[in-house]
Amino acid sequence: MTGPTRALIAVAATAAALAACSSSGDGPSASPPQPATGTGSPSPVAGADWPTYHADPARTGVARAMPPSTDRLRIVASLDLGANVYASPVIAGGVTVVATERNAVVGLDRRNAQLWRTVLGSPARDSELPCGNIDPLGITGTPVVDVGRGVVYVAPEYGDPVRHELVALDLKTGKPLWRKDIDLPGVDATAMQQRGALTITKGRTWVPFGGLAGDCGAYKGRVVGVRLDGTGPPVAFTVPTTREAGIWTPPGPSVDARGGMFVAVGNGESGPGDPYDFSDSVLRLDGTRLADSFSPTTWATDNAADLDLGSQGPALVGQRWVLIAGKSGTAYVLRRDDLGGIGGEVSSAEVCHSFGGTAVDGDVAYLPCTDGVRAVRVRDDGTLDVLWRAPETVTGSPVVGGGRVWALDTDAGVLHALDLATGRSRAQVEVGPVNRFATPAVRGGELLVPTLSGLSVVEAGG
């Protein structure tokens with residue numbers, strides 16, 4: 001990392017610390033196809049639990065306990081929950097939790113019978129917002145479960161007036177335990193959107209924020225942290241930009257074994273000729289402290305053309321690497337312990353335009369590309385091999401389990417079982433209309449798919 005970039009990080013870190021202290025009141029032709037090795041990745045959650053987006057804090061999206069698929073897929077339940085579901089389901093202690101855009105949170109048992117339903121308040125409507133494309137706008141970010149405490153954390157958006165909260169719910173009963181205002185000074189709350197998945201690290205639940213579709217208003221990328229018991233004021237890291245630079249991609253922060261958060265940041269207001277503002281970046285956060293950063297040398301022109309890295313969550317590959325691709329089509333490999341500052345990548349390659357969450361198994365990452373999921377291997381020297389490309393309509397955020405890669409054709413509402421070695425579709429089933437970022441969760445031998453009316457449960461034939 002260059003000296004000037006390190007100095008900028010120091011300035012930004014000081015600003016973040018001040019903001020935290022003042023937060024009162026409590027954002028394809030490559031090598032022959034090979035299967036993933038399954039070595040070197042962070043350990044996914046054991047058993048049937050899937051308590052956060054893509055199963056674990058590192059967002060690997062690997063279900064090692066899923067029985068082998070026989071490719072006989074069938075819908076065993078289609079639940080109408082009366083609202084769009086954008087968030088991925090989460091599962092812990094035998095309870096599946098589904099959150100809707102009408103701010104209803106539903107607990108289901110293993111047979112998909114309702115255990116509880118909690119409505120947290122009226123969501124924001126389109127007429128109350130300066131722009132956007134979700135109406136109503138309620139719970140969009142995937143909740144997270146503190147399995148040890150038996151607590152679910154969700155971040156609803158409300159209307160009249162537009163505001164955001166973090167709410168803790170009892171996992172077994174759905175009873176609200178506490179609520180916390182997470183609209184902190186320095187931004188316009190009506191322009192902030194909570195879309196990224198929540199995570200838990202360093203004794204806090206962290207809530208990422210970006211902006212609404214259309215990039216309108218005075219929003220900034222931000223991650224807000226609240227103690228797990230709800231006590232004390234929230235703290236925050238805010239991207240040191242004049243405007244924009246949202247932390248919006250659906251996976252939210254990826255967390256390493258030391259508790260550091262890696263976030264992808266979208267286009268900021270700075271462009272050619274303007275000061276660097278840590279937009280179009282991957283940032284490593286230690287709580288509210290900006291610890292490291294990467295941006296491509298093209299960050300300013302990327303910002304001007306809306307070709308930033310912020311559309312894909314950072315993929316933690318093996319023990320050494322971060323893989324990031326975004327809107328430009330270029331994928332970058334970064335050193336996890338030294339992201340490299342501006343232009344400090346280990347390697348780069350033209351791979352695809354990537355939107356959503358990756359799955360990672362050992363040294364292979366599966367990217368949600370707009371022209372078909374890619375399997376990409378990161379070699380020991382940090383260079384990339386594209387192993388295969390899925391059918392071009394299969395673009396959803398993938399998960400891995402049962403000897404298959406599972407991903408959606410989000411336009412058609414069809415779930416595909418992709419061959420782990422070739423990317424060919426071995427089986428598919430229609431699940432109903434879904435949003436473009438819909439991400440399945442795995443429960444035993446089943447795939448749980450959020451839909452625009454509720455939840456589809458797919459038996460994978462294991």
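In this predicted model, strand 5 (residues 104-108) is largely enclosed by the rest of the structure, because five of its five residues are buried. Both of its faces are covered. Ala104, Val106 and Leu108 are buried on one side. Val105 and Gly107 are buried on the other.

Strand 5 pairs with strand 4 (residues 95-99) and with strand 6 (residues 114-119). Both pairings are set out below.

| Pairing | Bridges | Direction | Residues between strands |
|---|---|---|---|
| Strand 4 and strand 5 | four bridges | antiparallel | four residues |
| Strand 5 and strand 6 | five bridges | antiparallel | five residues |

Each pairing forms a hairpin. Opposite Gly107 in strand 5 stands Val97. On the strand 6 side, Val106 faces Arg117 as its opposite residue. Asn103, in the turn between strand 4 and strand 5, has a positive phi of about 65 degrees. In the hairpin of strand 5 and strand 6, Asn112 takes a positive phi near 70 degrees.

Next, the nonpolar cores. In soluble globular proteins, nonpolar side chains tend to be buried together. The largest nonpolar core here has 32 residues. Those with the most contacts inside it are Trp50, Leu73, Trp406, Leu415, Val431 and Leu447. Strand 5 is one of the elements that give two or more residues to this core. Others include strand 2 (74-80), strand 31 (404-409) and strand 36 (454-459).

A second core is separate and has 19 residues. Among them are Ala155, Met192, Leu198 and Leu228.

Notes. Residues are numbered from 1 along each chain as its sequence is written. This is a predicted model: local features need pLDDT of at least 70, side-chain atom pairs count only at pLDDT 80 or more; totals for chains, interfaces and linings use all residues. Side-chain values use heavy atoms; hydrogens and water are left out. Buried means under 20% relative accessible area, exposed over 50%, partly exposed in between (1.4 Å probe, protein chains only). Two strands pair if DSSP finds at least two bridges between them. A nonpolar core is a set of buried Ala, Val, Leu, Ile, Met, Phe, Trp, Tyr and Cys residues joined through side-chain atoms within 4.5 Å.
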